[in-house]
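Student: I have a model open here and want to go through it with you. Can we start with how the domains meet?

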Protein chains: 2
Amino acid sequence: MLDKTTRINYLFDFYQELLTPKQKNYMEMYYLEDYSLGEISDQFEVSRQAVYDNIKRTESMLEEYEEKLFLYEKFQQRKELVRKLKEHDVIQKHSELVEMIQKLENLD
Amino acid sequence: MLDKTTRINYLFDFYQELLTPKQKNYMEMYYLEDYSLGEISDQFEVSRQAVYDNIKRTESMLEEYEEKLFLYEKFQQRKELVRKLKEHDVIQKHSELVEMIQKLENLD
């Protein structure tokens, strides 16, 4: 089981375009740039509680999107299959096959 | 270029879980079951214009989701790569590889 921060980071990767600019800002600062709730609230001149509530609400939205679209779950399953394909002796002997599988991987 | 109906059908496949139950109903009846706007409006006891507006708005939403998430575009690219892999002589000689690629395909 991944820890929650790692999971939220992945979900953010997949669904960030569905969030509002404010939600994206708070999430980026809190999860990617490691600002504290207090630092974020100072910068945006809102209460610490408002930032906290917004981030918790965004986390729920990300989980709701995943329940509907399964992008992260499918990504993990594809990643595992691609890993096995790439490690296969037969594939490794054919550079054009390795290249095609690499292209598949880059689509995620 | 795909005709518009085919494209909307694909987008509906990918993003229908993000629509409201009413939007899903109208879209299914109009695009999948080939009801006319008049027949849908009779069944739901709303104006023909209301059904039309709802469907047009839903079509725009599907296009907006695709602009943000590219699920259909990536699906097409993966499909093309998987097709080439499956047709490759080397792959066809190894049933376990065919099977793995089949699993990849089924994830879409």
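**Domains, copies and a pocket**

Tutor: This is a predicted model. In chain A, five residues of domain 1 are in contact with five residues of domain 2.

Student: Where do those domains run in chain A?

Tutor: The domain assignment puts domain 1 of chain A at 2-69 and domain 2 at 73-107. Their C-alpha centres are 32 Å apart.

Student: And what area is buried between the two?

Tutor: About 290 Å² is buried between domain 1 and domain 2 of chain A, with carbon and sulfur atoms giving 53% of that. On the domain 1 side, Y10(A), F14(A) and E66(A) lose the most area to domain 2, together 76% of what that side buries.

Student: Now the largest pocket. How much space lies in it?

Tutor: About 640 Å³. The lining of the largest pocket has 27 residues, and L71(A), R78(A), L69(B), L71(B) and R78(B) are the ones nearest its centre.

Student: Which helices supply that lining?

Tutor: α1 (4-15), α4 (48-69) and α5 (71-87) of chain A, and likewise α1 (4-15), α4 (48-69) and α5 (71-87) of chain B, each supply at least two residues.

Student: How does the lining divide into nonpolar, polar and charged?

Tutor: The lining of the largest pocket has 13 nonpolar residues, two polar and twelve charged.

Note on methods: Residues numbered from 1 in each chain as written. Chains lettered and ligands numbered in written order. Predicted model: local features only at pLDDT ≥ 70, side-chain atom pairs only at ≥ 80, totals over all residues. Heavy atoms only, no water. 1 Å grid on protein atoms, 1.4 Å probe; cavity = no way out; pocket = protein on both sides within 12 Å on 5 of 7 lines; lining within 4 Å. Points joined across faces, edges and corners; volume = space filled by probe spheres on them. Helix = DSSP H or I, 4+ residues; strand = E, 2+ residues; numbered from the N terminus. Nonpolar A, V, L, I, M, F, W, Y, C, P; charged D, E, K, R; others polar. Domains from an automatic or database assignment. Contact = heavy atoms within 4.5 Å. Buried area = accessible area lost by both parts, 1.4 Å probe.
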